[in-house]
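Here are my notes on the model, as numbered points. Please read them with the structure open.

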Amino acid sequence: MNKKSSAQRIGVLTSGGDAPGMNACIRAVVRCGVRHKLEIIGIRRGYAGLLESDFIKLEARSVANIIHRGGTFLGTSRCKEMKTTNGVNKAIQNLHRENIKGLITIGGDGTFRGAMALAQAGEIKAIGIPATIDNDAYGTDYAIGFDTAINTALDAIDKIRDTAGSLQCPFFIEVMGRKRGFIALDVGIAGGAENILIPETKTKIEEICLDMRRNFKKGKKSSIVIVAEGDEAGGVFPIAQQIWERLRIDYRVCVLGHIQRGGSPTARDRILASKLGAAAVDALIDGKSGYMIGELKGEIAFTSLRETWEKRKELDDNLLQLMKILAT
Ligand code: F6P
C-alpha cells in the first residue's frame with residue numbers, strides 16, 4: 001500500500017468551544033488535502049454530527065471566503081455520547097460506512113479525548129489540531145484562537161479603562177479561561193492591570209485590599225483587576241463583594257464572556273491555522289495517528305494526544321511579578 005492510499009478519504013471536524021481561526025484551519029485542511037488528491041469530508045457539529053453521519057463533501061471552492069470569519073462554518077458541539085464506548089463504536093461505524101480512513105479534529109482537550117479513543121481503536125487514523133481560546137493544551141505555544149481572543153478582550157479593557165478613569169473606581173473584569181489563566185495573564189499585562197487573579201496562584205483578598213489602600217493614598221482610585229473565570233476564589237462577583245466588605249468602595253464588575261470567542265481572526269491566528277492544517281494533512285498522508293500537531297518555538301511539533309491533557313502547560317509566572325512592578 002503506498003503512503004497516500006492509507007488516507008484517501010479524510011474527515012475534518014471542529015468540536016468543543018469555537019475559536020477564531022477554525023475556519024482558516026478547515027480551509028487549509030481542505031485545500032492541502034485536495035492538492036494531495038484526497039477526498040475531504042466535512043463533519044458538521046463536531047462529534048454530535050459524526051454520530052449522526054452529518055457529512056458534507058468539501059471541495060477547494062467550498063472553503064472560499066471563510067479565512068476571515070470567526071466561529072466555524074462546520075458548527076461545533078460538546079458531545080457527551082462521544083465519551084462512552086457506545087459513542088466511540090458508533091463513530092467508527094459511521095466513518096467506516098463513509099469510507100473515511102483518517103480524521104482531523106480541531107479543538108481542545110475534549111476534542112482530543114475523542115480523537116484518542118478513535119485512534120486507540122486502531123482502524124481510524126486521528127490527528128488533533130489545538131484550537132481553543134484558553135490556550136491550555138500542552139504541546140503548543142499557542143492554540144488557534146488565543147491571539148484573537150486576547151486582542152478582543154484587550155480592546156474591551158482599553159474601553160473600560162476610559163470609564164474607570166472617569167468614574168475613579170476599580171473595575172473587576174472577568175475573562176474566559178475555565179481552568180487556566182493564560183488569557184487573564186496576557187490581557188492583564190497588555191491592559192496595564194493592577195491585579196491579575198488566575199487559578200494557578202492563590203487569590204489573597206487581603207493583599208488586593210492592601211494594594212488598593214496604598215493606591216488610594218497615592219491618589220490612584222481607579223484600577224483594573226483581571227479575574228480568570230476559573231480563579232479558585234470563586235469568580236468575579238464574590239471576589240468584588242469580599243473587597244467591598246473590607247474597603248466599602250464603589251466598584252464595577254464586567255464579565256466579557258463569549259464576546260472573546262467571536263470575531264475575525266488575527267493574522268497570527270490565520271497563519272497558525274493554515275500551518276497546522278497543512279501539517280495535519282501531511283501527518284495523515286505519512287500514516288501518523290494519535291498526535292496533536294502544534295507549534296513550539298516556531299517549529300511544527302507532534303505531541304501524543306494523551307499528553308496534551310495529562311501534562312500541564314506552564315505559564316510564565318514572571319509576568320505576575322512584572323505586573324506588580326508596572327502597576328505602581
Ligand atoms: O474552552 C473555551 C471556553 O470559552 C472557556 O473559556 C469557557 O469556560 C467555555 O469555553 C465556555 O463554554 P460554553 O460556550 O460551552 O459555555
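Is Lys159 buried or exposed? Point 1 takes this up, and the other points follow from there.

1. This is a predicted model. Lys159 is exposed, at 52% relative accessible area. The cut-off for that class is over 50%. Its salt-bridge partner is Asp155, with N and O 3.0 Å apart. Asp155 is partly exposed, at 41%. Both residues belong to helix 5 (residues 146–167). They are four residues apart there, so about one helical turn separates them.

2. Which parts of the chain does the pair Glu206 and Arg246 link? The two side chains form a salt bridge, 2.7 Å from N to O. Glu206 sits in helix 7 (residues 205–217), and Arg246 in helix 8 (residues 236–247). The residues lie 40 apart, and the pair links distant parts of the chain. Arg246 is partly exposed, with a relative accessibility of 36%.

3. Lys311 and Glu307 make another salt bridge. Their closest N and O atoms are 2.9 Å apart. Both ends are partly exposed: Lys311 has 38% relative accessibility, and Glu307 has 28%.

4. How many salt bridges are there? The count is 21. Some are joined up: Arg9, Glu39, Lys57, Glu59 and Glu98 form a network of salt bridges. In general, side chains of opposite charge can pair when their charged atoms come close.

5. Where do positive charges gather on the surface? Arg78, Lys80, Lys83 and Arg178 make up a positive patch there. Arg178 lies in the loop between strand 6 (170–175) and helix 6 (182–190). Its relative accessibility is 49%, so Arg178 counts as partly exposed. A patch residue needs over 30% relative accessible area and no salt bridge.

6. Helix 9 (residues 267–285) deserves a look. It has 19 residues. From first C-alpha to last it reaches 27 Å, close to the 27 Å expected at 1.5 Å a residue. Which of its residues are buried? Among them are Leu272, Leu276, Val281, Leu284 and Ile285. Asp269 is also on the buried list, as are Gly277 and the alanines Ala273, Ala279, Ala280 and Ala283.

7. Please check the backbone at the end of helix 9. Gly287 comes just after this helix and takes a positive phi of about 85 degrees.

Notes. Residues numbered from 1 in each chain as written. Predicted model: local features only at pLDDT ≥ 70, side-chain atom pairs only at ≥ 80, totals over all residues. Heavy atoms only, no water. Salt bridge = Lys/Arg side-chain N within 4 Å of Asp/Glu carboxyl O. Helix = DSSP H or I, 4+ residues; strand = E, 2+ residues; numbered from the N terminus. Buried < 20%, exposed > 50% of the residue type's maximum accessible area, 1.4 Å probe, protein only. Expected span 1.5 Å × (residues − 1). Patch = residues over 30% accessible without salt bridge, like charges linked within 9 Å, V, L, I, M, F, W, Y side chains within 5 Å. Areas by Shrake-Rupley, 256 points an atom, 1.4 Å probe, with all protein chains shown as cover. Lys, Arg positive; Asp, Glu negative; His and termini not counted. Charge placed at Lys NZ, Arg CZ, Asp CG, Glu CD.
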